[in-house]
Amino acid sequence: MKPKFSHAFEVVRDLPEALRPLMKLAMNFHWSWHSPTRDLFQSIDKDLWAESNSNPVAFLQGLDAGKLQRLQTDSAFLGRMNGCAQALDDYLTGANWFDAEFPGMRDSMMVAYFCAEFGLTEGLPIYSGGLGVLAGDHLKAASDLGVPLVAVGLLYNRGYFRQRLDASGWQQEVYPQYDFYEMPLALIRGEDDQPIRIEVEFPDRVVTCQVWRADVGRVKLYLLDSNVLENAPADQTITDTLYGGDEEMRIRQEMILGIGGMLALKKMGINPTVCHMNEGHAAFLSIERIRQFMESNGCDFRTARQVIVNGNVFTTHTPVPAGFDLFTPELLQKYMGKAVLATGLGFNDFLRLGRMDPDDTTQNFNMAVLAMENANHVNGVAKLHAAVTREMFSSRWPSYPVDEVPVDAVTNGIHTNTWIGRRMSRLLDEHLGDGWRKASHDPENWKGVYNIPDNELWMAIEDSRGELVRFIRRRLQADLERRNMARPEFGMINGIFDPRVLTIGFARRFATYKRGSLMLTDRGRLLSLLNHSERPIQIVIAGKAHPRDDGGKKIIQDLVSFINNEGGRSRMVFLEDYDMEVARRLVQGVDLWLNNPRRPMEASGTSGMKVVPNGGLNVSVLDGWWDEGYSPEVGWAIGDRDQNPDNGHQDWLDSQALYNLLEREIAPKFYHRVDNGLPTQWLQMVKHSMARLAPQFSTARMVGDYTRNHYVPASAAFGRMSGDLSMARGAMEWRKRIRDQWAGVVVLHVWDDAKRINSLGKEITVKAEVRLGALTHGEVRVEAAVGRIGPNREITSPVYVQLNHEKTEGEVSTFGGIVVCDRGGYQGYTVRVVPSHPDVVIPSELNEATWEPA
């Protein structure tokens, strides 16, 4: 029997007055990307810092009194500490990009960024992989740029699983229990000093949550926690594990995130003008936001929704329909029935908001569709991914070309200061100054890499690789000790990996489409590459499979079996329990990052971006970010952009392409040492990669794109419409009018003064007669879609030229404009009519269009 507590209280380390700044530094995650503060903590007790999993609060709690006594009289230490504290103050209060770019907007804009996971550091394990790490980097960049933003997530009591492999290499999941009071988190309390509570309506009960805050530089991250005594034991576990449980647990978590998150913001007096749904997990927030707006403004659902869609942003990270969260109508009715009823919307009408085809009652409810239906700003996370997403959702805009489906592209990036290694950052500071730190998105700040002497750059790369090899050996030894392996096993540790050998990294979630075992296609050929007498390679692998993904687990097992049983042991390792620490070590130390998903199923991928500022190169399938980042000067492409419909054959083709690149291009270039023993051709590629890709694929650039193209316009539109509900009602009535009357719009006749052959630069007059029915010419826009004519008579990459209203006689309106022959070749055009209204976003809110008959 384990006794239950009757009384509870919190115990904290009471630091001496001189050392109080240490707790201030510990309680802001700014330390995670401010190397002097990290070094400060580590200098106190290196072993304890490692044992604390880089958690400064637990670290400080664990220090013995004698060490603290010595520190408070160490003038050199106190000077460093106070310098770090001053640096934090200066960072929090200093000038920033947002205020310079958008003066006067801070008081009128607030973004609330919702995500199911956040990866800030390994010491706060509420992330599983790329989505969470990207979200963490997003917050750090928003803080650096000064964007007025708060974030909302869930605080998972047991986080994501810790990975252990059994003797056969099969993945086992372990879920530890975490103590939030020993993390850099603050429980939000009210004026009565009691923890604030928010209540989310479930079918037959209310679920209560408390709220914690993590300070991420200037940004506040609020995390909801259902593990409170007011809840039944089953409800206390809702925020127990990330992506754990069945569909019912998933819908409960997503209700807490979306509905509970909006309630929490309201409770704390935070009124966002923009809500950013990072993936569909948070889509229920749109319903709660509408309900709150109805309550505050005394309006109906449709009016509130017309306002809210202007202030919502949705980012999808999923390149295949199967990746979206789907719920059956029955499950949705069970859990969301009350929430929908509170808005006055009929439940069947609610279901229509979540179906790819609103009229198909056999479809399950799609959370991505719900998010898209309630956001005027939708984006994918790379240019290729946005194109794939537009194709996936094109049936919802049948009258528009696929490339006009309203899905923008904001390509992901990385938070450079979080991921760059100490040796490389010092080298960059020396030769580039600190501009690359303060504005990592500015290409001008990276041009100086070409001035770094080759020998200094190579020394930094060699030192970083050596540190990675030492880390791998320490990690493997710890694994052996944990498994109580026999002493002879330890003798092999120093024979694993060579700090002088070309080192390749492959680390990611082990989903089958990522093809983690592609390298095993021809095992004999792989072994010959690993053990080449003059140009050997070595590969470090890490990653987790989802607990229910046996296919992913089998890939891990196959890799481990090859390493242990088929001759790969000295040149290949699989590192268990992939987390942010392992990721940092890998991207800072490898020479080459390998990524070989099945195209186009990688939405973006950010791991390969992280090697770039560290002096690593990429070899990857042309998918995700690499499809737009690749050029022969900065890395290598596996295969091309053509895909064979036979997946097995495509896998074989890509494996052969990979082996050929390693054998004939990559290894020879790495080992070609003629000038003072330096691989000058390799180093030239490293410099090109850093100069071109580091600024392009940074979260500073990414968050700047979100701010300029989505946050600021969304906030302005929301402000205008929420301040004058007559605008919303007028827009809503106009949309209904357009839908009712659009069938009467017809393009009757089109003519021009073009000749069969026209000179480059010639201006062609185009005229169109259009019957608008009950609509007026001010309610439409008439356009000529101009472009090259493709093999199937289609117009490729059309440019739209507006035709202006000239006259109306009876039912016929005439429009005219000038088309300039600014490109050579076989050209053509066609005319279309689309709706036009200053307060309605076309085609996001209205998908009507009428085209000239072919």
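How many bridges join S1 to strand S2 (residues 149-154)? I looked this up and found four, with the two strands running parallel; two strands count as paired if DSSP finds at least two bridges between them.

**What I am looking at.** I note that this is a predicted model, in which local features need pLDDT of at least 70 and side-chain atom pairs count only at pLDDT 80 or more, while totals for chains, interfaces and linings use all residues. Residues are numbered from 1 along each chain as its sequence is written, and side-chain values use heavy atoms, with hydrogens and water left out.

**Entry on strand S1.** Helices (H or I, at least four residues) and strands (E, at least two) are DSSP runs, numbered from the N terminus. I found that S1 covers residues 111-114, and that Ala-112 has Val-150 as its bridge partner in S2. S1 also pairs with strand S9 (residues 274-278), again in the parallel sense and over four bridges, where Tyr-113 has His-276 as its bridge partner. I then followed the chain from S1 through helix H8 (residues 130-145) to S2, which together make a right-handed β-α-β unit; right-handed means that, with the strands pointing away from the viewer, the path from the first strand over the helix to the second runs clockwise.

**Entry on the cores.** A nonpolar core is a set of buried Ala, Val, Leu, Ile, Met, Phe, Trp, Tyr and Cys residues joined through side-chain atoms within 4.5 Å. The largest has 176 residues, and Phe-114 and Leu-332 are among those with the most contacts inside it. Helix H10 (residues 247-267) gives the largest share of this core, ten residues. For Leu-332 I left aside neighbours within four places in sequence and found contacts (heavy atoms within 4.5 Å) with residues including Ile-251, Phe-284 and Phe-350. A second, separate core has 95 residues, including Leu-520 and Leu-678.

**Entry on aromatic rings.** Rings of Phe, Tyr and Trp (its six-membered ring) pair if their centres lie within 6.5 Å, and planes under 30 degrees apart count as stacked, over 60 as edge-to-face and the rest as tilted. By this rule I have 29 aromatic pairs. Why is the pair of Phe-161 and Tyr-175 edge-to-face? The planes of the two rings stand at 65°, with the centres 6.3 Å apart, so the pair is edge-to-face. Phe-161 is buried at 0% relative accessibility, whereas Tyr-175 is partly exposed at 27%.

**Entry on the backbone.** Two cis peptide bonds went into my notes: the one from Arg-599 to Pro-600 has omega near 0°, and the one from Ile-842 to Pro-843 has omega near 5°. Pro-600 lies in the loop between strand S18 (592-595) and helix H24 (607-611). I also noted Ser-54, a residue other than glycine with a positive phi near 55°, in the loop between helix H3 (46-51) and helix H4 (56-62); Ser-54 is buried, with a relative accessible area of 13%.

Note on methods
Buried < 20%, exposed > 50% of the residue type's maximum accessible area, 1.4 Å probe, protein only.
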